Structure formats: structure tokens, C-alpha cells
Amino acid sequence: MCGIAGYISENKKPTKKILKRMTDRIAHRGPDAEGFYLDDNIGLGHRRLSILDLTTGDQPIYNENKDIVIIYNGEVYNFQDIKEELKDKYKFYTKTDTEVILHGYEEWGHDVVNKLRGMFAFAIWNKKEKELFCAVDGWGIKPFYYYNENNTFMFASEIKAFLDHPDFKKEFNDSILAAYLCFNSVPTEETFFKGVKRLRPGHTLTYKDGKITIEKFFELKFEEKEQNIEDIAKDIDKAMKDSVKHHEIADVEVGSLLSSGIDSSYIVSMFKPDKTFTVGYDNPKYDEISYAKDLSDKLGIKNISRKIDKDEYIKEFPKIMYHMDEPLADPSIGALYFVAEIASKNVKVVMSGEGADELFGGYNTYQEDIDQQWYMKIPYWIRHLGYKIANIVPDARGFNFVWRRGQKLEDYNIGLGRVMRDSEAQKLIKCKNQINTKDIVAPYYETYKNNSDTVKRQAIDYYFWLVRDFLHSVDRITMMFGLEARTPFLDENVYEVARKMPTSAKINKETTKPALRLAAKKVIPNESYKKKKLGFPVPLREWVKEEKLYNEIKEKFNSDVAEKYFDVKKINKLLDDHYTGKKDTYKKVWTIYTFIIWYNEYFKEA
């Protein structure tokens with residue numbers, strides 16, 4: 001795993017000084033080595049975290065003629081197979097997957113992306129064609145940002161790398177603030193940095209003759225087919241064993257993050273690493289350490305854990321927000337920070353369970369279509385009338401259900417954890433011309449219009465929660481510590497099984513992801529396969545009611561930044577309502593607080 005950065009300038013030669021400043025900003029992504037390429041109007045920079053070929057794998061890497069060069073961040077797990085296909089035609093000087101991608105580009109051009117199994121973000125400069133070819137893996141595991149202003153095109157693994165470039169103009173983009181408040185993360189291709197965009201999963205970007213061309217090479221496709229659940233479970237088991245085997249490939253030790261749930265427990269039970277890593281809290285409701293230790297003991301492996309308290313969580317939060325690049329209000333990122341910290345002291349690579357819920361139907365919201373069938377039999381015009389009433393009293397207990405089920409799925413569902421409704425978010429902020437969440441998700445509903453509602457939910461959760469929230473935080477936080485995270489559920493063979501599963505294999509009246517649970521039951525030696533999803537839970541609801549954190553948030557809610565962007569009276573009421581127990585508003589409070597903390601890291605004037 002690594003960090004990449006580079007730029008093309010139309011009117012001045014790039015310099016190593018600027019490139020080094022850019023890569024120094026993201027040195028945490030690759031603490032083992034650095035490398036640069038400068039030629040004509042292009043400069044490429046790389047920071048390396050050594051995982052494969054520890055001695056000869058430094059980047060940039062060149063082809064034999066030195067007219068094609070690559071910088072790359074990721075792991076391609078089938079690189080040995082591709083190398084076998086190319087070895088008679090191309091000479092290999094390293095044992096890395098990086099060089100395989102480079103020669104693959106020489107052989108297949110832009111189609112090389114369709115050959116790669118794994119996670120990646122890379123940039124290839126073709127000197128003869130004067131073409132910069134970039135790509136992000138189909139799952140969106142690895143990040144790639146770009147900016148094209150002032151006759152300069154620049155790109156990097158993290159936005160902060162742009163801050164040290166003289167042609168980068170740091171401006172705040174307020175047009176997505178309401179959308180952020182609804183999603184708790186940035187749900188758009190554009191970011192809070194004006195002009196900075198994120199390349200979407202499964203897309204390539206080509207920069208040539210001053211023009212950007214973006215093309216899609218992968219998107220999720222579901223073809224639900226009736227199958228026997230026992231057969232599906234066998235297929236899951238076979239695909240996961242193969243995926244875990246490929247994800248083990250490394251020249252350094254590989255460990256695993258471990259919670260109390262099925263996803264990480266399934267991976268650990270298959271993989272059996274020497275070390276697993278877990279965090280918890282004094283509050284037993286949120287503590288997963290005992291479950292993780294029980295599984296590790298049964299497997300005969302080591303579990304390394306620690307408990308987190310509120311004070312250290314809040315103390316580290318500004319640092320976490322700086323590394324996020326974009327505000328992300330998922331409370332679990334704090335827990336992820338501490339588990340990554342302890343893991344990084346023991347290993348360089350960890351496996352993690354992201355992707356299982358989106359592919360196999362793991363969220364409780366998916367069961368709504370079964371549990372609420374009785375309500376859906378009520379004529380739509382009556383349910384829609386209920387929605388209109390609920391829209392007037394959004395915080396009344398029980399009315400959220402009426403609000404949701406009185407609309408079509410595509411009119412309200414933006415995924416796993418909507419924090420606010422559009423109307424509420426837009427009333428809280430002072431910025432005008434805000435984009436509505438419905439417009440953000442509409443293209444995806446159009447893509448999956450012929451699929452079941454379950455598939456529509458999966459797709460929305462995938463693109464707007466898995467990619468924008470979970471994978472984003474896993475990448476940034478593990479990379480803070482020079483730690484590589486791998487996600488075996490996000491594998492093409494696993495996906496091929498999951499995408500053909502019928503709805504009945506994803507949800508039933510009793511549980512979520514029944515097919516995956518059936519497969520996991522045969523491997524996991526305790527009852528983790530039964531547990532409902534928790535995933536790095538955090539006792540934030542209780543913490544916000546404690547005086548110390550309440551006062552900290554109160555101070556931020558009455559700061560100059562709050563006054564600039566929010567209706568201070570309304571956001572303070574949200575905070576006070578939760579503190580006094582009048583209403584449960586901690587998610588809304590935390591989303592606003594997170595934004596202010598993030599804004600102070602990047603935009604607050606000294």
C-alpha cells in the first residue's frame with residue numbers, strides 16, 4: 001500500500017521540490033521509501049509501504065524502453081497469473097504487481113483494468129503518446145482525487161497533497177453541506193474543496209492534450225436466481241476460501257481486525273492469523289473484546305486488545321478528521337483509529353470484513369420489505385397522506401416509519417443511515433442552492449430500476465455507505481499508521497456468487513444474510529455467526545449526555561464557524577434536547593460537530 005501524487009503543468013516545468021512537498025504530506029501512506037519522475041511537463045511522486053518484493057519494488061517503475069512509467073497504490077492478487085501470461089513477451093526486473101500492471105498496459109492498453117483482481121489506484125505516463133492513464137478499482141477501495149485549474153492537472157491519493165502546490169487554490173465548496181448532514185459523509189463526486197473531485201469506483205481517467213476523459217469499466221450487476229440455500233452456502237465457502245488465500249499473499253506478516261460479528265469472525269476462522277486485534281469500552285453494551293477473545297482462544301491464536309475511554313477518543317478526533325480529508329461523522333472511525341494503532345505495532349497488513357453486508361444482505365433495513373408487508377397493503381394514497389402528516393412532525397416518535405413507507409423507495413432511501421431529512425438539513429444551514437439527496441441517488445435508482453427493492457437497497461448502500469463511509473475510513477485510518485487493510489469479501493469470485501443470490505438467501509423473517517450465516521456456521525467455532533451486526537460500536541449516545549463532552553460540543557456550536565454556516569439557535573436546541581433526554585438527537589449533533597472539527601483543520605483562519 002502506498003501514496004501517489006503527481007501533476008501536469010501546461011506552462012511550466014514541474015519540480016522535485018513541489019512533488020516532494022506533495023508526497024511529504026502523505027508520507028504516512030508510505031513510510032518505507034520515496035521516488036520521483038520528472039520529464040517535460042509532468043511530475044510523478046510516490047511514497048512506498050513495502051509489502052511485496054521488499055528489496056527491488058521501489059517506485060516509479062519503468063518499462064524496458066523507459067518511455068512508460070507507473071506509480072501505484074494497491075494490491076493485485078492475481079498478478080502472478082498475469083505475469084505468467086506476459087513473461088515471454090516482456091522482461092521483468094522486479095517481483096512486484098506494479099510491474100505486471102505496467103506491462104499489462106503495454107499489452108492491452110486501457111483494457112488492462114479488466115484483468116486486475118484486487119484493489120488499486122494508479123497513474124501511468126505514456127511518454128510517446130503524451131497520455132496520463134489513471135484508474136480506480138471497481139470496488140472503490142483505493143482513493144484517487146484530481147484537480148484541474150490554472151493550466152495544471154494534479155492528482156493524489158489524498159486531497160491534502162494538493163495543499164502544497166502553488167497552483168492549488170483552496171476554496172470551500174458549500175453546495176454539498178446539506179447533503180453531508182443527511183448522509184454523514186460526502187456523497188458526491190465533488191468534495192468540500194472547490195474543484196477537487198474523487199474518481200468513482202470502476203472508472204478510468206485519461207488526461208491528454210489538456211482534456212480529461214472519464215470512462216466506466218465496472219459496475220455492480222445483480223441477476224437474482226432461485227437456488228438452494230445449501231448450494232449457495234457451499235459456493236460462498238469455496239469463493240471465500242479462495243479469496244482469503246489470495247489476500248494472504250505478502251512478504252510481511254498479515255493479521256486481522258476482529259469484532260464480535262460474523263464478517264470478521266468468518267475471515268479469521270478461515271485465515272487463522274497469528275494475531276487478531278480488537279477494541280472495546282467499559283460499557284458492556286458496546287464491548288466486543290470478550291467475544292473476540294473467545295473466538296481467538298478457540299482457534300488457538302492471539303488476540304491483542306485495548307479499551308477506549310471518552311477523553312482519549314475526543315482528544316484524537318481532530319487528528320482523525322485531518323487524515324479523513326473530508327468530514328465523516330461515523331462514530332466507528334474513532335474505534336477504528338485505536339484498533340489500527342495497536343495493529344500497526346505488530347503487523348503491516350490486516351484483513352477486515354467490509355463488503356459482506358452490502359453483497360449478502362446484512363443490514364436490518366433490508367428486512368423492512370418483509371416485516372412491513374402488512375403496511376404496504378394499505379393503498380398508496382392513504383400511506384402517502386400519512387407521509388405528508390409525518391413530514392410536518394419529523395421528530396415525533398413512530399412517525400419516521402410512516403414517513404418512509406408513505407413514499408416510493410427511491411424518494412426517501414439514501415442508504416443505511418440517513419441522519420437528517422433534506423428539509424431539516426436545509427433549515428439548519430445558512431448556505432443556499434443545496435443539492436437534494438434524491439437527486440444524488442437518482443442515477444443509481446435508474447440503473448437498477450428493473451431490479452428488486454432489495455437489490456436497489458444493496459446498490460445504494462454500496463455506493464453511498466460502503467464506498468463513501470466505511471472504505472474511506474478504513475483506507476485513511478489504517479494508512480495513518482502505515483498499515484495496509486485488505487477486504488476479502490470484496491473479491492470478484494465472491495461477488496459472482498453474491499450477485500446471483502435470490503432475495504430469500506439475503507433476508508428472511510428470522511435474520512439477515514442467512515446464506516452467509518449458513519456458510520460461516522461450518523467454519524466459526526463459536527456462535528458469532530448468529531450475532532446481529534454491531535461493527536466497532538461506540539457509546540456516543542451516552543457520552544454526549546455527559547457534561548464534559550456536552551460542554552465541548554456546546555463551545556463548538558457557538559463558535560465563529562458555527563455562526564458562519566448554521567442557525568446557531570437551532571443546532572444548540574438539538575444538543576440540549578439530547579443532553580436533557582427530551583429527544584435522541586446525538587447522530588445529528590455529532591454530524592454537525594464533526595463538520596466543525598474538520599473545517600477547523602482545513603479552513604479556519606489562524
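Good morning. I begin with an open sheet of six strands, arranged in the order β4-β5-β6-β7-β11-β12, in which the pairing is antiparallel. Its edge strands are β4 and β12, the latter covering residues 211-216, and each of these two pairs on one side only. Please keep in mind throughout that this is a predicted model.

Let us look at strand β5 within this sheet. Is β5 enclosed by the rest of the structure or left open? Nine of the nine residues of β5, which spans residues 68-76, are buried, so the strand is largely enclosed by the rest of the structure. Buried here means under 20% relative accessible area.

I turn now to the neighbours of β5. On one hand there is β4, residues 61-62, which runs antiparallel to β5 and is joined to it by two bridges. Ile61 has Ile70 of β5 as its bridge partner. The hairpin of β4 and β5 has five residues between the strands, and in this hairpin Lys66 takes a positive phi near 60 degrees. The other neighbour to consider is β6, residues 118-126, which is antiparallel to β5 and joined to it by nine bridges. Tyr72 stands opposite Phe122 in β6, and Asn73 has Ala121 of β6 as its bridge partner.

Helix α3 covers residues 97-108, and its twelve residues reach 16 Å from the first C-alpha to the last, close to the 16 Å expected at 1.5 Å a residue. The helix is mostly covered, with nine of its twelve residues buried. Among the buried residues are Asp97, Val100, Leu102 and Tyr105. What covers the buried residues of α3? The cover includes β4, β5 and β6 from the sheet, together with β7 (131-136) and the helix α2 (79-86).

Strand β3, residues 42-48, is mostly covered, as seven of its seven residues are buried. Ile42, Leu44, His46 and Arg48 point one way from β3, and Gly43, Gly45 and Arg47 point the other way. Strand β1, residues 2-9, pairs with β3 in the antiparallel sense over seven bridges, and the partner of Tyr7 in β3 is Gly43. Strand β2, residues 33-39, also runs antiparallel to β3 and is joined to it by seven bridges. There, Asp39 is partnered with Ile42. The hairpin of β2 and β3 has two residues between the strands, and Asp40 takes a positive phi near 50 degrees in it.

I now come to the cavities. How many cavities of 30 Å³ or more does a search of the whole structure find? The search finds five.

Thr487 is found between β17 (484-486) and α19 (492-498). Its relative accessibility is 2%, and therefore Thr487 counts as buried. Leaving aside residues up to four places away in sequence, Thr487 touches Ile141, His247, Ser352, Glu354 and Leu471. Thank you for your attention.

Key:
Residues are numbered from 1 along each chain as its sequence is written. This is a predicted model: local features need pLDDT of at least 70, side-chain atom pairs count only at pLDDT 80 or more; totals for chains, interfaces and linings use all residues. Side-chain values use heavy atoms; hydrogens and water are left out. Buried means under 20% relative accessible area, exposed over 50%, partly exposed in between (1.4 Å probe, protein chains only). Helices (H or I, at least four residues) and strands (E, at least two) are DSSP runs, numbered from the N terminus. Two strands pair if DSSP finds at least two bridges between them. On a 1 Å grid over the protein atoms alone, a cavity is a set of points where a 1.4 Å probe fits but cannot get out, and a pocket is an open set with protein on both sides within 12 Å along at least five of seven lines; lining residues have an atom within 4 Å of a point. Grid points are joined across faces, edges and corners, and a volume is the space filled by probe spheres set on the points. The expected span of a helix is 1.5 Å times one less than its number of residues. Contact means heavy atoms within 4.5 Å.
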